[in-house]
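Here's a quick tour of one protein chain, from its overall layout down to a couple of spots on it. Have the model open as you read.

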Amino acid sequence: MYFAALLARTEDGWEASDTELDNVETLTDLADLAREAAVDDDTVVAYIEQEGTWFGVVRVDGEDDPRIFISNAAAAARSSYGAMLTDELLGRDEEGTDDLDSLDLDGTEDGEPDTADGGSEGEETATAADTQAPPPGPLGDPGLLADLGIGAKELLALDTDALSEIADALGCTDVLEAVR
């Protein structure tokens with residue numbers, strides 16, 4: 001079970017809203033959702049939590065690239081939304097293959113073997129060891145909320161009730177409680 005909230009900075013403080021992630025499949029989708037909640041392209045903090053196992057914070061400032069922090073990347077990678085964030089941080093391709101990879105561009109005719117043994121010279125196959133596994137701890141930018149009152153050290157220390165601590169530091173606990 002996931003809980004997700006958007007905290008949007010306004011002239012009068014922060015507005016909080018819980019949000020559904022049903023239509024979020026990529027980081028771009030999440031950033032777009034955050035930008036829709038933004039007031040005058042100001043800061044939006046998206047928070048995702050999975051049953052106290054891990055939490056993720058995505059900060060979106062206008063059209064800048066989102067900044068991401070995940071409390072436990074190995075645990076997050078085992079869930080759909082967490083995998084979306086860890087894959088982005090680890091630089092994994094969302095599709096896994098490029099359109100050009102699916103085409104036969106090796107210069108041989110269809111059905112003609114590349115070499116005598118049937119494989120191409122110097123061909124390498126990707127193995128599980130070639131892909132970077134998410135670490136069993138924090139991943140991303142722990143300083144993404146430093147200018148908002150939560151330094152890297154404090155963010156790294158947060159555990160099960162991280163959203164309450166973040167909302168308290170931002171001064172929007174009352175607003176958040178109304179949507180929880």
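## Overall layout

Going along the sequence, the protein chain runs β-β-α-β-β-β-α-α-β-α-α-α. That gives six helices and six strands, taken as DSSP runs numbered from the N terminus (helices are H or I with at least four residues, strands are E with at least two). This is a predicted model, in which local features need pLDDT of at least 70 and side-chain atom pairs count only at pLDDT 80 or more, while totals for chains, interfaces and linings use all residues. Residues are numbered from 1 along each chain as its sequence is written, and side-chain values use heavy atoms, with hydrogens and water left out.

## Burial and contacts

Of the 180 residues in the protein chain, 38% are buried (under 20% relative accessible area; exposed is over 50%, partly exposed in between; 1.4 Å probe, protein chains only). As for contacts (heavy atoms within 4.5 Å), 56% of those between residues at least 6 apart in sequence join residues at least 24 apart.

## Around Tyr 81

Tyr 81 sits in helix H3 (residues 80-90). Its relative accessible area is 14%, so Tyr 81 counts as buried. Leaving aside residues up to four places away in sequence, Tyr 81 touches Tyr 2, Leu 21, Asp 22, Val 24 and Trp 54. Leu 30 is 51 residues from Tyr 81 in sequence, with 9.8 Å between their C-alpha atoms.

## The loop at Asp 40

Now for Asp 40, which belongs to the loop between helix H1 (27-37) and strand S3 (43-50). Asp 40 counts as exposed because its relative accessibility is 68%.
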